[in-house]
Amino acid sequence: MSFYHNHGGRYRHPLEEPSFDKEGLDGYSAALAEVTLPTVRSEEEIRRAIEMGLEAAPSIGDRTISCFSRGELPHWAGINTFLKMPYLENVHEVGQYDIAILGAPFDIGTTYRAGTRFGPQAIRRISALYTTYNYELGVDLRGQVKICDLGDVFTVANIEKSFDQITKAVSHVMSKGTMPIILGGDHAIGYPCLRGVAENVDGNVGIIHLDRHVDTQEKDMDERMHTTPWFHATNIPNAPASNLVQIGIGGWQVPRAGVKVARDRGTTILTIHDVEDMGIEKAAEIALEVAWKGAKAVYLSFDIDSVDAGFVPGTGWPEPGGFLPREALKLLQLVAKEGVCAMEVVEVSPPYDISDTTALLAVRAVVDVIATMVAHGKIGGR
């Protein structure tokens, strides 16, 4: 066996100096940055797990392990909250946290395949696969931002009453100065979520919406459904249509009734082909310009079906030709650099999912947005 490797037309011994700038790689700087991250909360979690869950059996050599699982490890065990963050039963204490996760298990606004009422459960369950540390961003969420899980909004078998419940829940979190992240649920929840946000913002709210569908009809089958949220959201006085930007739109599931509203109201629409032509960076630049123009805050709506159907089978309206997962995540990070006041991730339908891939991408979208905001000083430190 040869220990030499082809390099630039010659064979180089592996002990020779590399031909590239190792210190110029993101991987190198990320490895150096890890040592600067705080560990206080991780250590507190270990102490709490041992105190609450008993010390491990004497045969266990690693004495940070408890008898009952009470923390991040093992990933397959425990009661699943989002990222195994603390479950906050008393919602009146939410102001002690930077971010609150809440589920909106609602799918009676669907017009085809139901199942998104199980989205929050699926997202929380597969979130246990992740740690709280991201290598590239150099962020450890456990140590740098306070996150709690409030559980789910009590939605009922009535669209408008469920909307009222969701609005009240989101508004309560916002009123305490905490950022709500809502796990859907179908996209009908965009309207009540935005309504809850807008009543707590002293000024206009912009909307950045990633989707394959415009969702701007007034009604669908005589009701406010998951095809209608942005018609009603942009009727809210401080959420004007001029601050709505929709990215990734296209295909064969964009109802003409919604297109007419978008045209009449002058909203900004970028098709997936626009994004292809201009690039993710320019698309993000346009999104930020439109959403933030004269606005005090921006709401982020991520419909999982904005991603190509081959990567997200578990959704109510799968559509080929959308974003690649890496493209969607990059766009979300670029938007999050400027900060968002709230975020929803919608249309995860576990009955149609395969190996949790759709739910996993929903988790990744949320943690990437949070970590980007932490890395750019837009949230954290409470």
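Mentor: Rolling a probe the size of a water molecule over the atoms shows where empty space is left. Here the largest pocket has a volume of about 740 Å³. Of its 20 lining residues, Glu45, Arg48, Lys84, Met85 and Pro86 are the closest to the centre. A pocket is an open set of points on a 1 Å grid over the protein atoms alone, where a 1.4 Å probe fits, with protein on both sides within 12 Å along at least five of seven lines; lining residues have an atom within 4 Å of a point. Points are joined across faces, edges and corners, and the volume is the space filled by probe spheres set on them.

Mentor: Keep in mind that this is a predicted model, in which local features need pLDDT of at least 70 and side-chain atom pairs count only at pLDDT 80 or more, while totals for chains, interfaces and linings use all residues. Residues are numbered from 1 along each chain as its sequence is written, and side-chain values use heavy atoms, with hydrogens and water left out.

Trainee: Which helix gives the most to the lining of the largest pocket?

Mentor: Helix H2 (residues 40-53) does, with four residues; helices (H or I, at least four residues) and strands (E, at least two) are DSSP runs, numbered from the N terminus. The lining divides into eight nonpolar, four polar and eight charged residues. Ala, Val, Leu, Ile, Met, Phe, Trp, Tyr, Cys and Pro count as nonpolar, Asp, Glu, Lys and Arg as charged, and the others, Gly among them, as polar.

Trainee: What lines the second largest pocket?

Mentor: That pocket holds about 450 Å³ of space and has 17 lining residues, with Glu45, Ile46, Thr64, Glu72 and Leu73 nearest its centre. H2 again supplies the largest share, four residues.

Trainee: How many salt bridges are there?

Mentor: Side chains of opposite charge can pair when their charged atoms come close. The count is 14 salt bridges, each a side-chain nitrogen of Lys or Arg within 4 Å of a carboxyl oxygen of Asp or Glu. In one of them, Glu72 pairs with Arg142, with the closest N and O atoms 3.1 Å apart. Glu72 lies in the loop between H2 and strand S3 (99-104) and Arg142 in helix H4 (residues 141-144), so the pair ties together parts 70 residues apart in sequence.

Trainee: Which peptide bond joins Gly184 and Gly185, cis or trans?

Mentor: Most residues other than glycine have a negative phi, and most peptide bonds are trans. The bond joining Gly184 and Gly185 is cis, with omega about 15°. Gly185 is in the loop between strand S7 (179-184) and helix H6 (190-198). The bond from Leu73 to Pro74 is also cis, with omega near -10°, and Pro74 sits in the loop between H2 and S3. Asp215, although not a glycine, has a positive phi of about 55°.
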